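Me: Hi! I have a protein model open and I'm new to this. Could you walk me through it?

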Amino acid sequence: MSILSGNHGPHKYAISEQTQDVELMHSGPADFPLKRRQKQRVVTVLSSENESLSYQLPPPEFTFNDIIARTDHHAGNVSDLLRKQTVSKLHYRIMEDNIARLQKKTQEKVHSVILSSHHLPEITKRIPPRLQLALEQQQAMIKEEEDANLQNLREDSIHQLFKSQRLQNSQTLYDEQSKILATHCDLAMLECLVNGGHALSLKAYFISKLPDLTPLYNSLFYLNLSFNEFWQFPVEVYSLEYLESLKLRNNPIKEIPYGIHKLKRLRTFIVSFCSLSSLPAGLFLLPYLQVLDVSYNNITSIPNDISNLRALEYLNVEGNSLPALPCGALKLKIKHLRVGNNRMHPLFWGENTHIQPQRLMDLAAMSFGKNNMFRYFTAIPSEVTHILQSLTVCDCCRGVLSGEGLRFIRPCEKIFGIRKLPFLFHSCSPSCYRSFMCQTESLTHHLYDS
């Protein structure tokens, strides 16, 4: 790079740039191809002071010349011009922004309107897809017939006919729905009988009552009643002697009756996404139950009787309000367990394990049972007899337990493939509770020698 300068200093001159190519040269051995060198820039200093710069700033929006241009040329001196009023676009724009900012209002209070239940719209009854398709086809056929018949009628008769047709459709809609639903159920029953009567699926038929299953009592082993409108458990299934799989997902069922134990051969029972708040004792009397899915209900506790389900391999209790699993589940050999979306985090253990004082009646009943006082007293009142007959077993020392006892949670290091899985225990006394919490052995080894 070279600088060409004159007699003046460099600060008085503008600068322009030019480029100049250089010959090709070798940058390596002789057999390497030629390589082009980078271009060098030559900076030349201009010698003329009158040449202007290569850039100019944009003119300002408002200058003093604007005032002079808008005033009379015969006015006095400049001081008189400055005292007179003049119009400036820039000042006017600022004034508009200030006025708009002052006029802008901010909401200071939230307006709320409380509506009563009378203003809420009624919940329309859901229409199953098959029924909707059948109704649309029927309405299309009616519309074609109406179009063919109304071509020769006058306008008045046309309006009257449409009005009467709407009233007739609204009055007979429910009857048509029930008839079509009954027809579809009959077709599903017929298809099941043709295929041997082993599997029946009434999924998403939106029915609230089971059809007559008498022809399938001695052959059906699979029944799917998911996505329907059963508000109560269909007790008609108790007559299905060979039923092995029962699915009741997505039904507004709130309670399962104790009679579920009548399904002796049941192996798969799915009642997920319902409205259950508890599980009946009869459910834990099914000897062959392998799959139990009660996910996404309102269950807050599971009885220790779950230990009777020795054949259980898959248990899904997701989406409930369980603080822990019952300690009776430690006896099971579950292969797949799902407990997500529950209240099993250690932060919830405190509110579910408040150790309250035991009642004197419960303490007396436990003392009566442990000391075998039955042989000393023959005339026992009926109320005391009822209390003594309701004695249970302590989860810690396997002794007598009356009432709820002392409720606490202890996690298991690793079981069913899950680390720190909490289990709920009931102890008969504070000393039994302290002794159990001091044990360093695993829960399964300490309780069941497994």
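Reply: Happy to! One term to begin with: a contact means heavy atoms within 4.5 Å. Also keep in mind that this is a predicted model.

Me: How much of the chain is buried?
Reply: Of the 450 residues, 31% are buried.

Me: Which residues touch the most other members of the largest nonpolar core?
Reply: Those are Leu 200, Leu 246, Phe 269 and Phe 423, in a core of 69 residues. At least two core residues come from each of α5 (155-194), β14 (406-415), β15 (418-427) and α9 (430-437). The largest share is from α5, with four residues.

Me: Switching to the surface: which residues form a nonpolar patch there?
Reply: Leu 187, Leu 190 and Val 194 do, and together they have about 310 Å² of accessible area. Val 194 sits in helix α5.

Me: Why does Val 194 count as exposed?
Reply: Because its relative accessibility is 63%, and exposed means over 50%.

Me: Now I've clicked on Asn 320. Where is it?
Reply: Asn 320 is in the loop between β9 (314-316) and β10 (325-326).

Me: Is Asn 320 buried or exposed?
Reply: Asn 320 is buried, because its relative accessible area is 6% and the cut-off for buried is under 20%.

Me: What does its side chain reach?
Reply: The side chain of Asn 320 reaches the backbone nitrogen of Asn 297, at 3.2 Å. Leaving out residues up to four places away in sequence, Asn 320 touches several others, including Val 294, Ser 295, Tyr 296 and Asn 341.

Me: Tell me about Ser 295, then. Where is that one?
Reply: Ser 295 belongs to the loop between β8 (291-293) and β9. With 3% relative accessibility, Ser 295 counts as buried. Its side chain makes a polar contact of 2.8 Å with the side chain of Asp 293. Beyond its neighbours within four places in sequence, Ser 295 is in contact with residues that include Ser 272, Phe 273, Glu 318 and Asn 320.

Me: You mentioned Asn 341 too. What is its phi?
Reply: Phi of Asn 341 is near 55°, a positive value in a residue other than glycine. Asn 341 lies in the loop between β11 (336-338) and α6 (349-352), and at 54% relative accessibility it counts as exposed.

Me: What about Ala 204, what's the phi there?
Reply: Phi of Ala 204 is near 60°, again positive in a residue other than glycine. Ala 204 is in the loop between β4 (199-201) and β5 (222-224), and it is partly exposed at 22% relative accessible area.

Me: And Phe 206, where is that?
Reply: Phe 206 is in the loop between β4 and β5, and with 15% relative accessibility it counts as buried. Phe 206 and Asn 251 are 45 residues apart in sequence, and their C-alpha atoms are 9.5 Å apart in space.

Me: How many salt bridges does the count give?
Reply: The count comes to six salt bridges. One of them joins the side chains of Glu 318 and Arg 338, at 3.6 Å from N to O. That pair links distant parts of the chain, 20 residues apart: Glu 318 is in the loop between β9 and β10, while Arg 338 is in strand β11. Glu 318 counts as buried at 14% relative accessibility, and Arg 338 as partly exposed at 40%.

Me: Which residue does Arg 359 form a salt bridge with?
Reply: Arg 359 pairs with Asp 362, with 3.0 Å between the closest N and O atoms. Arg 359 is partly exposed at 48% relative accessibility, whereas Asp 362 is buried at 7%.

Technical notes
Residues are numbered from 1 along each chain as its sequence is written. This is a predicted model: local features need pLDDT of at least 70, side-chain atom pairs count only at pLDDT 80 or more; totals for chains, interfaces and linings use all residues. Side-chain values use heavy atoms; hydrogens and water are left out. A nonpolar core is a set of buried Ala, Val, Leu, Ile, Met, Phe, Trp, Tyr and Cys residues joined through side-chain atoms within 4.5 Å. Buried means under 20% relative accessible area, exposed over 50%, partly exposed in between (1.4 Å probe, protein chains only). Patches are made of residues with over 30% relative accessible area and no salt bridge: like charges are joined within 9 Å, nonpolar side chains (Val, Leu, Ile, Met, Phe, Trp, Tyr) within 5 Å. Accessible areas come from the Shrake-Rupley method with a 1.4 Å probe; for residues, only the protein chains shown count as cover. A salt bridge is a side-chain nitrogen of Lys or Arg within 4 Å of a carboxyl oxygen of Asp or Glu. A polar contact is a pair of N or O atoms within 3.5 Å; within protein, one must be able to donate a hydrogen and the other to accept it, and residues adjacent in sequence count only if both atoms are side-chain atoms.
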